[in-house]
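Please examine the sequence and the model displayed below.

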Amino acid sequence: MHPPPGPWAKHRGLTTPYGIDLHGLDTAAMACALWRHYLSRHQRRLIAHGWHLTQNQVRLLLMFLAALHDIGKIQPAWQAAVPTADHLTGRPGYAPQPPDTPRLRHERATLYVLPELLHRLYDLPLNGSPSTLVAHQLAQIAATHHGTFPPPLTHLRDELTHPTTALPALGTDGWDRERQRLLETADTLLGHPLLPTRTAPPTTAILTAGVISLADWLASQNTWITARQTDWDTDTITSAAAHLHRALRLAPAALRDAQLRTPVVVPPTTMRAMFPDLRGHRLYPLQKRIEKELPELVDRLGPGLLLITAPTGDAKTECGLFAACVLGAAAHCIGTAMFLPNRASCEPMWERLRAHTRATTRGPAPTGLVHHLAWLDTHFNPLQSTVASDATAVEEWLRGRYRPLLGHTCAATWDQLVTDVLPARYNTVRWLGITRKTVVIDEAHAYGPYEHQLTKEALHWLGAFGIPIVLLSATLTGNTAADLVHAYRAGSGHTDTPALHPPYPGWTYTDLATGTITTSPTIPSARAHTLTITVTSATHIHDPDDPHGRAHAVLDALRPLHDSHRGSALIVCNTIADAQATYDLLAVTWGTGPRTPRLLLLQAATPHHRRTAATRKLRRWTGKGRPRPARPLVVVATQLAEQSLDIDTDLVITDLAPLALIIQRAGRQFRHPRADRPPWATGPRITVLVPPGRLPAAWLQVYDESLLDRTRTALGPPGDHHLAIPEDLPDFLDAVYELDFTTPAGISHEGRQATEHALGKQAAVPRPARITDLHQLSDGEAPHPETRLGADTLRVLPVYTTPGHTWLNRRATKPLPDQATPADPAAMHQLMNLTVPIRAALFDAADPHTDPPPVWKDVASLRHLRLLPQPLCNGVPQPYRNHHHDLSLHPTLGLVSRTTRRGPDP
């Protein structure tokens with residue numbers, strides 16, 4: 001028995017094409033399985049409420065739309081594209097596509113044909129603005145399965161009422177009958193689903209479209225399709241109804257194989273039960289208060305947003321994860337999504353989240369690591385395709401593009417959250433994954449005005465979705481905290497802006513239902529201490545012979561460690577060039593020897609495998625409970641080390657930076673009790689290198705000049721200053737961050753902030769209340785939306801050239817492969833592990849010498865790479881030279897950039 005003949009939907013990788021009826025019914029079955037086994041109770045309720053239908057009615061609506069998502073493939077050009085499936089083309093009543101008529105994308109065709117069909121068969125109105133019509137909105141949602149909401153139709157050229165006249169490429173007569181037949185088949189087999197009578201809000205439309213896209217992905221797997229074709233070939237299927245029945249029975253197993261089945265959640269009710277390593281230890285005061293007071297508060301007021309502010313090392317992460325479980329249970333959300341400032345902080349948090357997930361779930365609960373290079377982490381993405389025994393492991397399907405946020409729990413970079421409020425492809429699926437979880441944003445203070453605005457936009461949307469939030473911060477000031485809390489409140493419908501004064505340390509709670517703000521009293525800190533801030537005047541030069549220079553100041557601050565041969569220190573530099581110069585200074589000055597301090601450089605402009613190794617060494621040598629290396633250790637780093645990394649050193653040295661970041665950097669020392677601290681490390685101390693006079697121009701590309709000047713003033717004159725933490729910290733921060741707008745510096749800073757906030761608002765999609773058509777969520781869609789202002793980077797692959805040859809290593813023994821395919825994951829890993837990020841402004845991407853092999857354009861992970869060719873002269877690599885810079889890869893320092901005054905070649 002073969003399936004009934006008709007238009008085809010799938011053919012790639014199949015021996016015979018697969019019919020559109022069958023694929024539509026498969027997708028409907030997957031949508032049903034997702035509704036029952038993947039969506040949270042909160043998501044189901046939100047979707048049903050948005051369509052003004054019961055949950056059973058809206059489940060059938062989702063299945064109905066899923067069955068019709070590919071109806072646009074019923075057109076002459078599409079069906080004629082596969083010779084073995086073009087039996088309709090040319091038959092009487094099935095005219096081929098008229099000559100000189102452009103082929104219509106099938107998802108766009110779905111938008112054109114569905115409104116008129118729904119009007120014809122269900123009497124849905126077509127008069128009025130398209131954005132107000134239910135038929136048009138349903139068509140837009142069904143047409144979004146390729147990642148973006150299409151532009152709306154118009155009444156011009158009868159697009160809404162006579163689509164085949166407006167677009168002859170759709171085909172008439174037989175083609176129209178085939179489309180109507182598909183619609184009637186779906187209607188009959190699904191029991192005549194009730195269609196809504198009013199349009200849904202954007203939140204509901206997004207989740208509806210996300211379900212359909214995800215269902216389509218699941219039903220489009222060749223393993224699924226070939227199994228269904230086998231069912232027909234072996235006479236086990238005799239009708240479309242039987243096909244749907246079997247698909248409904250087997251779809252839950254397909255979800256299980258894709259790791260989309262919801263695990264059993266068993267949230268512990270105490271901190272010690274949730275975190276076994278706390279057993280036998282006294283809870284910190286913050287932990288005690290949240291454990292005791294938050295569950296009762298949430299029971300009384302319902303879910304909402306919890307802001308936790310406390311010094312570094314005060315157990316904010318444990319408090320945040322405990323709070324996420326409490327809030328998630330109240331909101332009927334499943335799992336946790338934790339968003340962190342960067343990859344360096346994301347990867348260790350992923351390991352902590354896996355342990356947390358094991359303690360709070362039963363059964364498979366995939367815990368994802370989500371950033372753009374996570375696939376290179378062999379702990380997360382092992383090269384061998386084996387079934388892992390660990391219940392938190394993420395298998396191949398869920399690691400695919402756009403999918404990692406769909407898992408039960410994830411540790412992701414902050415960019416992954418704010419991408420959802422930018423017009424990026426498949427945001428509907430990303431929102432589907434995020435809105436079933438409680439969202440935790442760590443280091444909520446860690447961003448500039450542009451990024452802060454994007455965070456506000458994300459919180460506004462999360463408030464509109466009704467998702468519980470936990471914000472964690474060590475240095476969040478009152479105004480910034482109020483901005484974030486009020487953005488969430490506005491999204492949930494509370495547009496007033498009552499005064500907000502977060503206690504420090506302490507917590508602030510805002511419930512979704514009423515917008516009531518509840519604050520704790522100031523809570524004693526387990527990390528109360530006196531921080532010694534040593535302000536050192538140091539001219540920004542790297543000559544160790546200059547007694548007033550930065551190099552001399554660094555060596556002087558490190559003298560106790562060097563002379564005693566004990567201890568560890570962290571040096572945080574504002575730029576990569578400063579970090580390289582500092583590392584080079586120490587390596588040259590100290591030389592080598594069995595008692596010489598061990599040096600570690602951590603900065604972004606280095607091959608991926610070296611950066612990963614450096615991060616792991618840093619955590620191994622300075623993490624909680626880790627034994628120190630036998631030799632003293634000095635870590636030279638950029639901002640990668642200043643936040644969310646649980647590392648513990650004996651001394652911190654830093655360049656002048658905004659005050660909040662100096663406090664963050666100071667938190668990388670004396671974090672845990674240690675018996676092996678050297679005698680010279682008597683308490684937390686941070687040495688701040690403050691240039692007199694004008695600030696280095698390179699720093700002003702990273703930080704606001706007036707903010708650095710105000711920090712310099714607040715720090716005071718050279719010498720030791722003592723700061724009581726947490727008592728003195730809020731006022732100390734306010735002295736820097738609360739501007740006096742009567743001064744030129746204050747006015748200038750406010751102007752820059754206003755500009756960056758405006759850019760952030762302009763980059764984001766409109767807020768839900770301002771959405772008049774769903775296309776606004778995709779308008780301006782870009783392949784790489786800008787989440788950080790001015791962070792335009794490329795990834796380059798350093799290579800070495802000899803006449804006629806290109807090599808991966810400087811010894812010229814490993815040739816650059818001119819072919820690479822996704823079928824060879826080891827080759828992908830090898831190449832991408834050698835790549836280095838570089839600011840686009842430093843690189844001439846138009847130089848043909850930087851072109852990769854042409855075949856790489858067909859490989860997603862390689863197509864955007866550029867080469868950094870370094871000619872070999874007598875075996876010695878020479879820099880790559882463009883008009884403004886010499887660029888070279890140093891074996892220790894990473895990518896070195898030197899500015900030149902070279903003009904264009906004649």
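The side chain of Glu159 forms a polar contact with the side chain of Tyr112 at 3.1 Å; a polar contact is a pair of N or O atoms within 3.5 Å, where within protein one must be able to donate a hydrogen and the other to accept it, and residues adjacent in sequence count only if both atoms are side-chain atoms. This is a predicted model, in which local features need pLDDT of at least 70 and side-chain atom pairs count only at pLDDT 80 or more, whereas totals for chains, interfaces and linings use all residues. Residues are numbered from 1 along each chain as its sequence is written, and side-chain values use heavy atoms, with hydrogens and water left out.

A polar atom of the Glu159 side chain also lies 2.9 Å from the backbone nitrogen of Thr154. Glu159 is located in the loop between helix H6 (134-142) and helix H7 (163-166); helices (H or I, at least four residues) and strands (E, at least two) are DSSP runs, numbered from the N terminus. Because its relative accessibility is 7%, Glu159 counts as buried (under 20% relative accessible area; exposed is over 50%, partly exposed in between, with a 1.4 Å probe and protein chains only). Leaving aside residues up to four places away in sequence, Glu159 touches Tyr112, Leu153, Thr154 and Ala166, contact meaning heavy atoms within 4.5 Å.

Attention now turns to helix pairs. The axes of helix H3 (residues 55-68) and helix H9 (residues 202-219) come within 10 Å and cross at roughly 55 degrees. Axes are lines fitted to C-alpha atoms, for helices over the stretch in contact, and angles run from 0 to 180 degrees between N-to-C directions. H3 and H9 are therefore oblique to each other, since angles under 35 degrees count as roughly parallel, over 145 as roughly antiparallel, 65 to 115 as roughly perpendicular and the rest as oblique. Leu62, Leu65 and Ala66 of H3 make the contact with Thr208, Val211 and Ile212 of H9.

Helix H13 (residues 285-301) and helix H14 (residues 316-331) pack at about 10 degrees, with their axes 10 Å apart. H13 is therefore roughly parallel to H14. Residues of H13 including Leu286, Ile290 and Leu294 meet residues of H14, among them Phe322, Val326 and Leu327.

In helix H28 (residues 825-833), the buried residues are Ala827, Met828, His829, Leu831, Met832 and Asn833. These buried residues of H28 pack against helix H23 (608-622) and strand S20 (793-802).
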